Amino acid sequence: MCRAKGSPMRGTRVKDVLSSPSSGGEALVHGWIRTARHSKGFSFVEINDGSTIHNLQAVCDASLPNYESAIKHLGTGASVQVAGKVVDSPGKGQKFELQASSVHVYGMAPDYPLQKKGHTMEFLRTIAHLRPRSNTFGSVLRVRHLMAKAVHDFFSREGFYYLQTPIITASDCEGAGAMFRVTTLPAGQPPRDEMGKVDFTQDFFGKEAHLTVSGQLAAETAALALSRVYTFGPTFRAENSNTTRHLAEFWMVEPELAFADLVDDMDLAERFLRSIFRVVLEEGADDMAFFAERIDKTAVQTLQHVVENDFVRMTYTEAVDILQKSGKTFEFPVQWGVDLQSEHERYLTEEHVKRPVILTNYPKEIKAFYMRLNDDERTVAAMDVLVPRIGEIIGGSQREERLDVLERRLREMGLPIEDYQWYLDTRRFGTAPHAGFGLGFERTIQFATGLGNIRDCIAFPRTPGSAEF
RNA sequence: UCCUCGGUAGCUCAAUGGCAGAGCGGGCGGCUGUUAACCGCUAGGUUGUAGGUUCGAGUCCUACCCGGGGAGCCA
C-alpha cells in the first residue's frame, strides 16, 4: 500500500496518548504487547511502543471480528496496531485507556523469552537482541539518548565545537593501555621481514594500525585552533578487564579548551556533569522513577544531591592525609606516591564527603606524560572526578604547553620523541595553556541509573571473551 | 590475569549420597473491569561438559567450559 508523500506518520505514540489533555479523541497506536489479560467477554491488552516506560491499556471487546481468531490468543511480545477511542479508565492504575475499534496483529510471539515478571540482568544479557523490549533496558536506552543529547546541548551552549577524531590510528603514541590491531594481513601467514617480524609495510596503512584509545591528542590540535572543541565517540581498550566498570568498547566525551588552566577544567567538568544530570532528572523523570523503584532506591535522590551541591575539591596530598588519618584499615596501605585503590576512592566519596570529589595534583610518576608539571616538580596538574559506587568517571588535566618540559617528560618516561613530532609542533608554533578531560559515558549512565553493571548501560556490550550480537 | 561464589524445566529457584520438584511463563478450559489478574487442567528435564568414587551421584572428587561478585588496570 502506497501512501501519499507528506502524509503524517502512522499513528500516535503511546506517550502522547497518555499525556493527552483530555479523553474523547480517536487514536491509532502501534507497539508490542507487554501483558494481556483475557476474560470471557473481552481482553485487556497493554501496549508499549518504547516512547515511554508506561503502557497503554487497550480494552478489546469480544465483538471485534478477529477476537476469537487472534486477539484472544495475544500474549506478551506480539506486535499490534490498535485503533480506538481514548476514554477515561474506570480502573485503577491509568488515567486513560483505549477502547479498541480494530486490532491488527503484525506478528505473534510464541515462546517469547521475555516474561512480564522480572528477569535477572544476567539473563537479559544473553538475549541482548530482545532486551530493548524490557522495562529496564528501554529506560536505559531512553536515558542514554537524553544524556547524549544533553552532552551536545551543553557544549554547544558553552561555545564548543563537536570534533570527530579518527577511530583508526596508525600512531602508537596514545599510550593509554593495550590496543586492538587493525589489519588486512592474513592472520595465518602474514608477510615477514628479514628479522622474521611481521612486515607491516605491506599492511593496509603501510604501518601498524590500531583502534583508538583516546581522541585527546587529536583534540588538542583542534583546540589550539578553534579554542574549544569536544569529541564524543567510541573508544577501545584491549585490556583483559573483567569488572562491572569496564568495557572493551565504550564511548567517551573529551572536551579540550585553550587558554585555560586546571581550575577552568574542573569548573567545566563540574558544570558539565551537573548539567547533564539535571536534564536526566527533568526530562527522564519517568525512567528515573522506574530505576528508583526497581534498581536503586536512592537513584533519584543521589542525582538531585549531585545537581544541588558543589563537588568537593582536594589535592591528592590532602586525600592521602585524610585516608591515613581515617582510622580505617585498608587492604592496601596508603602512602604518598602510590595510586589510590578502589577502596580508597570509595572511602573518600562514599564515607568522607558523600558526594562527587575532584582530586588534583597527583604525583607525576603515576600520571601521563602530557600533564602539566607543577612548580614543585613532583606533581602534575591532573584532576580526577570520583563518584560514589563507580569511582572515576572523569580523568583530565591541564596539558604541558612548554616545549622543553614536554620533551623532557617524554624522555623521562622512555617514550620515542620522534613519534610525537606532530604533537610537539603544537607547542613549537604558538603554544597556549590548555586543558581537557575524558568522561566515560557508560560509567556516567551507570552512576545516574544505579545499575550495578556497566554491561547493562550499552546496547551490545563488548568484553573479554564476549562480542555476541 | 588472580581470588571467590555459582550452573537443575523457557525464567526464578528447591531437592540429608536413595522416586527430579514448585512458582511463574506456555497450551487448553472457566470467569463481564483486569493491573506481575484470578480459578482448574495439562505439557515440559542428557541436572553446563568429560571423566572418576560408590550398590546407588543433581549431591562427593578431578579437569574443562560458561556466568556472577571482588581485585588489578582504567574511563
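Two strands are said to pair if DSSP finds at least two bridges between them, where strands (E, at least two residues) and helices (H or I, at least four residues) are DSSP runs numbered from the N terminus. In this sense β6 and β10 pair in parallel over two bridges, while β10 and β11 pair in the antiparallel sense over nine bridges. The model is predicted, so that local features need pLDDT of at least 70 and side-chain atom pairs count only at pLDDT 80 or more, whereas totals for chains, interfaces and linings use all residues. Residues are numbered from 1 along each chain as its sequence is written, chains are lettered from A and ligands numbered from 1 in the order in which they are written, and side-chain values use heavy atoms, with hydrogens and water left out.

**Strand β10 and its partners**

- Within the pairing of β6 and β10, Tyr 162 has Tyr 230 of β10 as its bridge partner.
- Within the pairing of β10 and β11, Pro 234 has Trp 251 of β11 as its bridge partner.
- Seven of the nine residues of β10 are buried, so this strand is largely enclosed by the rest of the structure; buried means under 20% relative accessible area, exposed over 50%, and partly exposed in between, with a 1.4 Å probe and protein chains only.
- In a regular strand the side chains alternate between the two faces of the sheet.

- Helix α4 spans residues 216–226, and Gln 216, Leu 217, Ala 219, Glu 220, Ala 222 and Ala 223 are buried in it.
- An α-helix has 3.6 residues a turn, so residues three or four places apart point the same way.
- The cover over the buried residues of α4 includes β10 (228–236), β11, α11 (421–428) and β16, and just after the helix Ser 227 takes a positive phi of about 75°.
- Leu 163 sits in the loop between β6 (161–162) and β7 (168–169), and with a relative accessibility of 21% it counts as partly exposed.
- Leaving aside residues up to four places away in sequence, Leu 163 touches Ala 218, Ala 219, Ala 222, Val 229, Tyr 230, Thr 231 and Phe 232, a contact being heavy atoms within 4.5 Å.
- Although Leu 163 and Ala 218 are 55 residues apart in sequence, their C-alpha atoms are 9.3 Å apart in space.

**Surface near RNA strand B**

- There are 47 residues around RNA strand B, of which Glu 97, Gln 115, Thr 243, Gln 341 and Arg 443 come nearest; a residue is near a molecule or strand if one of its heavy atoms lies within 4 Å of it.
- The residues of this surface divide into nine nonpolar, 23 polar and 15 charged, where Ala, Val, Leu, Ile, Met, Phe, Trp, Tyr, Cys and Pro count as nonpolar, Asp, Glu, Lys and Arg as charged, and the others, Gly among them, as polar.
- At least two residues of the surface come from each of β1 (26–38), β2 (42–48), α2 (121–126), β11 (249–258), β15 (391–398) and β16 (434–440), and β15 gives the most, with four residues.
- Of the RNA strand B atoms within 4 Å of the protein, 50% belong to sugar or phosphate and the rest to bases.
- From the backbone, an N or O atom of Ile 394 lies 3.5 Å from a sugar or linking oxygen of RNA strand B.

**Salt bridges**

- The count of salt bridges comes to 29, each being a side-chain nitrogen of Lys or Arg within 4 Å of a carboxyl oxygen of Asp or Glu.
- Glu 270 and Arg 313 meet through their side chains in a salt bridge of 3.0 Å, N to O. Glu 270 lies in helix α5 (residues 262–283) and Arg 313 in strand β12 (residues 312–315), so the pair ties together parts that are 43 residues apart in sequence.
- In this pair Glu 270 is buried at 6% relative accessibility, whereas Arg 313 is partly exposed at 34%.
- A network of salt bridges links Asp 267, Glu 270, Arg 274, Asp 310 and Arg 313.
- Glu 400 and Arg 402 form a salt bridge at 2.7 Å, N to O, with Glu 400 buried at 0% relative accessibility and Arg 402 partly exposed at 25%.
- The salt bridge of Glu 68 with Lys 72 has its closest N and O atoms 2.9 Å apart; Glu 68 is partly exposed at 48% relative accessibility, and Lys 72 is partly exposed at 35%.

Terms used: A polar contact is a pair of N or O atoms within 3.5 Å; within protein, one must be able to donate a hydrogen and the other to accept it, and residues adjacent in sequence count only if both atoms are side-chain atoms.
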